Amino acid sequence: MPAIQSPETATTKPDEVHPDVALVARAKDGDTSAFEQLVRQYDRQIFRVAQHITQNREDAEDITQDVFFKAYTKLDQFQGNSKFSTWLVRIAVNESLMRLRKRKTSKTVSMDEDVHTEEGSIPRDFAEWRPNPEQLYGQGELSDILRKTIQGLPPGFRTVFTLRDIENLSTEETAEALGLSVPAVKSRLLRARLQLRERLSRYFKQQNPLQALDGKSR
Amino acid sequence: MTCTDFLAKLTDFFDGTVPPELLAEVEEHIAECHHCEVVLDSTTKTINIYRNQELYDFPPELQHRLEASIMARCFGPRPTK
């Protein structure tokens, strides 16, 4: 049975207070070093989320700065009902979608724009993949393929996949960060995963011997 | 269980939240339907590949520059010694 590999992450038991709570409290009291520590802890994640959604490095840099500045100015509004990191991610998603909207002035970009199509829910390619598809390509080439493939997803799907599968937020945290219901997240996540699978299949599937021969003879 | 039923349960299957009474049906379908077995295997690999690759580098120079800009924006420029 295939298994999704879970990255090792620091976890907090349900009855333990997350260390961020104390840092946020100190930052609210004007402790700059506490806020600086929060920036150091999460700037990589916020940058990565922004770059995945906008697909633009300069935008991701600007957004990372905007997110922490906004978080600092609205620190009093953070009630601690969610993780501080989820609160930051929510700001990052909103800022990133706003950037996309500005870029496509004639077209609205929202989490709802690409959910009306059933495309991506129906698998079409049933060829088996190589056991270790990562080994088919060099590191640089593989990264290019993965970037190009995720870039082709509609922004709403790309965002859900990024938060749930790349950033490893739980389904509930993803729903909270996106302002969506849990069933909506599950539905979009399924479509995003299946669309990515379909697009990657052309690179990773096993060629049948006749196709391989045909390819060589050209 | 049909292939459509299986797809509807795929996200819960990955999350490990398929109710026990349905889990046996899902696993039975995977064992019997080669297409769904392939979809499950390749979707699992899709998730793992993206999870294992750092697609966008975040070099220390960029991190230091961003942190300095953020702190300056929030608290003003730091006094030079």
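Is Phe58(B) buried or exposed, and what is its relative accessible area? Phe58(B) is buried, with a relative accessible area of 6%, where buried stands for under 20% relative accessible area, exposed for over 50% and partly exposed for what lies in between (1.4 Å probe, protein chains only). The model is a predicted one, in which local features need pLDDT of at least 70 and side-chain atom pairs count only at pLDDT 80 or more, while totals for chains, interfaces and linings use all residues. Residues are numbered from 1 along each chain as its sequence is written, chains are lettered from A and ligands numbered from 1 in the order in which they are written, and side-chain values use heavy atoms, with hydrogens and water left out.

Phe58(B) lies in the loop that runs between helix H3 (34-52) and helix H4 (60-75) of chain B. When its neighbours within four places in sequence are left aside, Phe58(B) is in contact (heavy atoms within 4.5 Å) with Asp43(A), Arg44(A) and Phe47(A) of chain A, and with Gln63(B) and Leu66(B) of chain B.

Chain B has four helices and zero strands, these being DSSP runs numbered from the N terminus, with helices (H or I) of at least four residues and strands (E) of at least two. Chain B is more spread out than a compact globule, because its radius of gyration is 23 Å, well over the 12 Å that the globule rule gives for 81 residues; the radius is taken over C-alpha atoms, and the rule is 2.2 Å times the number of residues to the power 0.38. Along the principal axes, the C-alpha atoms of chain B fill a box of roughly 70 × 25 × 15 Å. Of the 81 residues of chain B, 46% count as buried, and among its contacts between residues at least 6 apart in sequence, 50% join residues at least 24 apart.

Over all chains the structure holds zero disulfides, a disulfide being a pair of cysteine sulfur atoms within 2.5 Å. The sulfur of Cys3(B) has its closest cysteine sulfur in Cys36(B), at 3.7 Å, which is too far for a bond. Cys36(B) is likewise in no disulfide, with the sulfur of Cys3(B) as its nearest cysteine sulfur. The accessibility of these two cysteines is set out below.

| Residue | Relative accessible area | Class |
|---|---|---|
| Cys3(B) | 37% | partly exposed |
| Cys36(B) | 5% | buried |
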